[in-house]
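Hi there,

Here is the structure I promised to pass on to you. Have a look at it first, and then read my notes below.

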Amino acid sequence: MPATVSFEVPSPRGPQRVTVSYARVGSGEPLLLLHGIGHHRQAWDPVVDILATERDVIAVDLPGFGASPGLPDGLSYDLATTSRVFGAFCAALELNRPHVAGNSLGGLLALDLAREKLVRSVTALSPAGFWSQTERRYAFGVLIAMRQIAQRMPLPLVERLARTAAGRTALTSTIYARPGRRSPEAVVAETLALVHAPGFDATLRSGIDVQFTDDVPGVPVTVAWGTKDRLLVRRQGVRAKQIIPRARLVRLPGCGHCPMNDDPALVARVILDGSR
């Protein structure tokens, strides 16, 4: 069921109150799900029910995305601050070192939480932060263009396009290899999430100099990459393996940047295997 939780996060201006929206289902060891920039927690819907058969699944809207309000003025959207936010989030929900799976920005955040020893395992799906500068500029340019196009489209046009497989392909083929599988309602909702995300610009700016360069010893890590990822190309997975040599590197055949939609059974199996 959807819920919200508020908690305090330290800042140079003193403690700041942050509110995060989340949905929780299932039973077992806790598993935190973190989405990518411009998306919302519903990106995980195709796999949540499968994961919930073995895990207590907590899918969250990152601050400034989905139903979560933006961060207060005393907090920035950089990686260190966002990790502190989710450390406090886990404390507020009494989650003792949950497993965590993240996609794109969420994958980078999951790895940073592992670096801080706040989680017991990580599954990172096409995580950000393993790019060259050319690859980063390309990805950021695509994301900016996607948001600008979405902002200029009237809602009736989005709804009309979402009714057909061809229209859903036009709207979402950058992140899905099989966009026709996404429901019309989901495509409309995630287009609106991209349009209205108050944290988008600040989050993107904070990522300009981000490069993940540290190993995360002591925490099991799985890095999985779709073979048809058009946003963060799959050779970045090889770099991730070089930086985190103990990581399990998994290929996701036929999957795009957000593989949860493209092959839910495979992605759920990878996450469950990585959290055992």
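What follows is a tour of the sheet, the helix contacts and a few single residues.

Two points on the ground rules before we start. This is a predicted model, in which local features need pLDDT of at least 70 and side-chain atom pairs count only at pLDDT 80 or more, while totals for chains, interfaces and linings use all residues. Residues are numbered from 1 along each chain as its sequence is written, and side-chain values use heavy atoms, with hydrogens and water left out.

**The sheet**

Helices (H or I, at least four residues) and strands (E, at least two) are DSSP runs, numbered from the N terminus. Eight strands form an open sheet in the order β1-β2-β4-β3-β5-β6-β7-β8, and the pairing is mixed. Here two strands pair if DSSP finds at least two bridges between them. The edges are held by β1 (2–9) and β8 (248–252); each has a single partner strand, so one side of each is left without a neighbour in the sheet. From one strand to the next, the twist averages 25°. (Angles run from 0 to 180 degrees between N-to-C directions, and axes are lines fitted to C-alpha atoms, for helices over the stretch in contact.)

Helix α3 (105–115) packs on this sheet, where it touches β3, β5, β6 (121–125) and β7 (221–226). The direction of α3 makes about 150° with that of β5. Contact, here and below, means heavy atoms within 4.5 Å.

**Strand β4**

Is it mostly covered or mostly open? It is mostly covered, as six of its six residues are buried. Buried means under 20% relative accessible area, exposed over 50%, and partly exposed in between (1.4 Å probe, protein chains only). In a regular strand the side chains alternate between the two faces of the sheet. In β4 both faces are covered: R55, V57 and A59 are buried on one side, and D56, I58 and V60 on the other.

Strands of a sheet pair through backbone hydrogen bonds, either parallel or antiparallel, and β4 takes part in both kinds. With strand β2 (residues 16–26) β4 runs antiparallel, joined by five bridges. Among the bridge partners, V25 goes with V57 and A23 with A59. With strand β3 (residues 29–34) the pairing is parallel, over six bridges, and E29 stands opposite R55. Between β3 and β4 the chain passes through helix α1 (residues 45–51), and this β-α-β crossover is right-handed. That means that, with the strands pointing away from the viewer, the path from the first strand over the helix to the second runs clockwise.

**Two helix pairs**

Helix α4 (residues 133–152) and helix α7 (residues 184–196) have axes 9 Å apart and pack at an angle of about 105°. The two are therefore roughly perpendicular to each other; angles of 65 to 115 degrees count as such, under 35 as roughly parallel, over 145 as roughly antiparallel and the rest as oblique. From α4, the residues M146, R147, A150 and Q151 meet T191, L194, V195 and H196 of α7. These divide into four nonpolar, three polar and one charged. (Ala, Val, Leu, Ile, Met, Phe, Trp, Tyr, Cys and Pro count as nonpolar, Asp, Glu, Lys and Arg as charged, and the others, Gly among them, as polar.)

Helix α5 (residues 155–162) and helix α6 (residues 165–172) cross at roughly 120°, and their axes come within 6 Å, so these helices are oblique to each other. V158, L161 and A162 of α5 make the contact with G167, R168 and L171 of α6.

L161 is partly exposed, at 25% relative accessibility. Beyond its neighbours within four places in sequence, L161 is in contact with M153, G167, R168 and L171.

**Residues to check**

Most residues other than glycine have a negative phi, and most peptide bonds are trans. R97 has a positive phi, near 50°; it lies in the loop between α2 (79–92) and β5 (99–103) and is partly exposed at 34%. S104 also has a positive phi, near 60°, in the loop between β5 and α3, but S104 is buried, at 8%.

Finally, T82 in helix α2 is buried at 14% and touches Y77 and L109, not counting residues up to four places away in sequence.

Best wishes
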